[in-house]
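Take a look at the model below. We will go through a sheet, the helices beside it and some charged pairs.

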Amino acid sequence: MAIPALPPIPGGIENERLLELFFAQSLDGFFFMMLDEPVEWGEHVRKDEVLDYVFEHQRMTKVNSAILTQFNAATPADLLGMTPAQFFAHDVAGAKGRWREFFDRGHVHTETDERRIDGTPMRVEGDYMVIYDERGRIAGHFGIQRDVTDRYLATEQIRASSEQLRALASRLQTVREEERTGIAREIHDELGQALTGLRLDVAWMRHRLPRDHELEAQCASMIERIDATLNAVRRIATALRPSVLDQLGLAAALEWQGHEFGTRTGIEVAMELSVDGAAVPDDLGSSAFRILQEALTNVARHARATRVTIRLAQTPALLTLAVSDDGVGIPPERLDGTASLGLVGMRERALACGGELEISSAPGHGTTVLLRVPLDAGRAGSGS
């Protein structure tokens with residue numbers, strides 16, 4: 001079906017009437033702010049002095065009903081004649097900084113914190129354009145703006161909730177790590193010592209029994225079972241919290257974990273460690289170690305890799321840990337989604353210690369997990 005032709009647009013006075021109608025009935029706030037006298041602007045003027053004049057002598061000269069609604073103004077007279085110094089009395093210095101950028105660029109899209117007539121705060125998103133006279137001087141500006149306070153507050157609430165949840169998750173990880181350390185120490189010290197004492201008692205008893213007595217063979221069997229239990233205790237304590245991490249530091253713990261992984265899985269592990277010798281904070285060391293463990297777990301379960309490379313680089317300014325494999329890779333939908341709790345957990349650990357985690361992968365070309373954590377002198381020396 002043919003689209004009917006639009007009637008010709010009337011010119012002259014009718015165009016002005018249509019523009020005025022659009023200005024008046026727009027749902028966005030339209031306004032003009034004009035200067036008492038145009039001002040020169042550029043590198044040849046003292047901009048601070050010009051802005052001082054602008055903030056006292058640029059005035060609201062035309063508004064529509066949407067602007068009145070935004071500012072809770074009853075009539076146009078409530079706004080007409082107001083200057084930037086009055087609109088931004090709550091933050092004149094910040095407003096002058098934005099005005100300077102605006103005049104430099106000639107146009108701007110921005111969000112600002114403003115105040116309504118009754119003093120209540122509002123968040124405004126707007127597009128603004130400088131108006132020049134025939135000599136190129138700034139005569140004022142035209143603005144289109146909308147009240148986005150509700151959207152801004154909702155976004156801030158979501159952001160605050162996300163930060164609180166992240167802080168809670170970080171705290172839970174810290175508490176979990178502390179509990180693991182305590183349990184590992186108790187298992188190793190208390191249970192390990194008790195089993196060692198029991199083994200010594202059984203060995204003492206065995207040496208005092210007749211050689212051909214059946215109790216001697218039973219004691220030997222008991223000693224073997226105690227030894228197996230001691231090995232299990234050491235394995236469980238190490239899984240909870242490797243003592244090498246606390247005693248020798250992150251680099252040694254990563255090297256131990258890589259060797260243990262290679263021995264257990266048969267996958268070739270290459271280590272590239274370059275550290276400056278400075279102590280790594282406990283929270284960072286724990287997070288980096290757990291990220292390595294999770295990355296290696298994923299390799300063992302899914303990658304079908306034959307080789308893994310672990311790279312640790314530490315400078316006074318940055319710590320990086322990269323775990324790369326030559327496996328089948330991770331599908332893109334798994335990289336970006338939340339289905340894999342392991343990947344989500346690694347990212348959260350990275351954020352909790354002030355770093356960022358990148359996971360790059362391509363089907364058939366392996367996967368690289370890269371942790372980057374900025375360091376500073378105060379933080380780098382806070383660990384044990």
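What follows starts with the ground rules and then turns to the sheet.

This is a predicted model, where local features need pLDDT of at least 70, side-chain atom pairs count only at pLDDT 80 or more, and totals for chains, interfaces and linings use all residues. Residues are numbered from 1 along each chain as its sequence is written, and side-chain values use heavy atoms, without hydrogens and water.

Five strands make an open, mixed sheet, ordered S6-S7-S8-S10-S9. Strands are DSSP runs of E, at least two residues, and helices are runs of H or I, at least four, numbered from the N terminus. Two strands pair if DSSP finds at least two bridges between them. S6 (268-274) and S9 (356-361) each have a single partner strand, so one side of each lacks a neighbour in the sheet. S7 (307-314) and S8 (318-325) run antiparallel, joined by seven bridges. Val308 has Asp325 in S8 as its bridge partner.

Now the charged pairs. A salt bridge puts a side-chain nitrogen of Lys or Arg within 4 Å of a carboxyl oxygen of Asp or Glu. By this rule there are 24. Lys47 forms one with Glu43 (3.2 Å, N to O) and one with Asp104 (2.8 Å, N to O). Lys47 lies in helix H2 (47-57) and Asp104 in helix H5 (92-105), 57 residues apart. Lys47 is buried, at 10% relative accessible area, while Glu43 is exposed, at 72%. Buried means under 20%, exposed over 50%, partly exposed in between (1.4 Å probe, protein chains only). Asp48 forms a salt bridge with Arg100, with the closest N and O atoms 2.3 Å apart.
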